[in-house]
Amino acid sequence: MRIPLVTVAPYLDKVKVALAPTIDVAQYPFSLSIIKNLKEISFPSQVTFFVGENGTGKSTILEAIAQNAGFGPEGGSKNIYFKTSLENTYAGVEELAKCCTLSWRIKPKDGYFFRAESFFNVANRIDEIAKHDFSIYEYYGGKSLHEQSHGESFLAFFKNRVHTGGFFILDEPEAALSPQRQLSLLAIIHELCRYSQTQFIIATHSPMLLAYPGATIYSCDTGVLETIAYVDTQHYQITKNFLDNPERYLRYLFEE
Ligand SMILES: Nc1ncnc2c1ncn2[C@@H]1O[C@H](COP(=O)(O)OP(=O)(O)OP(=O)(O)O)[C@@H](O)[C@H]1O
Ligand SMILES: [Mg+2]
């Protein structure tokens with residue numbers, strides 16, 4: 001039976017941010033302009049992207065949301081919750097998370113916080129669990145993620161683990177994917193959004209992923225979180241201009 005097309009984000013509706021008077025604005029993450037100016041984030045559509053230059057605060061925002069949604073700081077599902085020894089690294093995000101209030105349309109039953117940066121640690125954790133429960137590999141392509149190439153393991157994750165829908169926070173999922181596999185990921189996102197109760201919140205630098213129709217795109221580039229049209233993103237404009245005329249770009253870049 002076909003599940004009707006869902007266009008509104010089914011789960012997370014809003015994040016309200018009220019910075020406590022005790023926070024230190026000279027310290028990460030409150031020193032970041034985007035965080036200082038953050039009051040509210042709305043999630044009207046099933047897919048929401050965060051874009052912006054490196055270091056503008058996309059991962060910081062995603063991590064604070066993920067923490068409030070019950071995911072571990074290293075990523076994973078609610079069942080794969082763990083922290084490494086990098087506790088201090090997450091102290092700032094934990095402070096920010098305390099200043100955030102999430103309002104849900106309905107609470108998701110399933111979900112995943114996917115971080116390209118720490119996917120390796122998640123793979124280790126899955127291997128540990130598999131020592132006493134081999135069936136966990138069914139969700140990840142039938143074998144250890146370490147026995148698959150970087151890109152294969154990423155896609156195995158998306159194809160096998162994410163197939164039932166849910167609430168997904170993805171930080172740079174394109175990191176290991178070829179252009180062809182990024183298209184596969186777009187198709188997977190579309191399939192999930194059409195046929196299941198699914199919501200994605202994604203930080204990305206991929207002009208291909210950003211093309212997802214009907215997505216809300218937030219830019220962190222001006223220091224104030226604001227929506228931006230796909231064709232106005234730097235990712236689209238720079239990539240398009242470069243591919244339209246690589247020679248001109250290279251001449252400009254290399255000129256002494
Ligand atoms: N644990 C930390 N302690 C101190 N500063 C941090 C910490 N984590 C991140 N930062 C700083 O905060 C800023 C925002 O980091 P964040 O990782 O959120 O950026 P981003 O927008 O996700 O960047 P990218 O596109 O490179 O992933 C960066 O300048 C970074 O150096
Ligand atoms: Mg990041």
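**Overview. Salt bridges in the predicted model.** A search of the whole structure finds 5 salt bridges. The model shown is predicted.

**View 1. R105 and D13 form a salt bridge.** The closest N and O atoms of the pair are 2.9 Å apart.

**View 2. E95 and K98 form a salt bridge within helix α3.** The closest N and O atoms are 2.9 Å apart. E95 is partly exposed, with a relative accessible area of 37%, whereas K98 is exposed, at 63%.

**View 3. The side chains of K240 and D244 meet in a salt bridge.** The N to O distance is 2.8 Å. Both residues belong to helix α7 (residues 234-244), where they are 4 residues apart, about one turn. K240 counts as partly exposed at 37% relative accessibility; D244 is exposed at 51%.

**View 4. L250, Y252, L253 and F254 make a nonpolar surface patch.** The patch covers about 490 Å². L253 sits in helix α8 (residues 246-254) and is exposed, with a relative accessible area of 54%.

**View 5. S31 lies in the loop between β1 (12-17) and α1 (33-36).** S31 is partly exposed, at 30% relative accessible area. Apart from neighbours within four places in sequence, S31 is in contact with V25, A26 and K36.

Conventions: Residues are numbered from 1 along each chain as its sequence is written. Chains are lettered from A and ligands numbered from 1 in the order in which they are written. This is a predicted model: local features need pLDDT of at least 70, side-chain atom pairs count only at pLDDT 80 or more; totals for chains, interfaces and linings use all residues. Side-chain values use heavy atoms; hydrogens and water are left out. Helices (H or I, at least four residues) and strands (E, at least two) are DSSP runs, numbered from the N terminus. Buried means under 20% relative accessible area, exposed over 50%, partly exposed in between (1.4 Å probe, protein chains only). Contact means heavy atoms within 4.5 Å. Patches are made of residues with over 30% relative accessible area and no salt bridge: like charges are joined within 9 Å, nonpolar side chains (Val, Leu, Ile, Met, Phe, Trp, Tyr) within 5 Å. Accessible areas come from the Shrake-Rupley method with a 1.4 Å probe; for residues, only the protein chains shown count as cover. A salt bridge is a side-chain nitrogen of Lys or Arg within 4 Å of a carboxyl oxygen of Asp or Glu.
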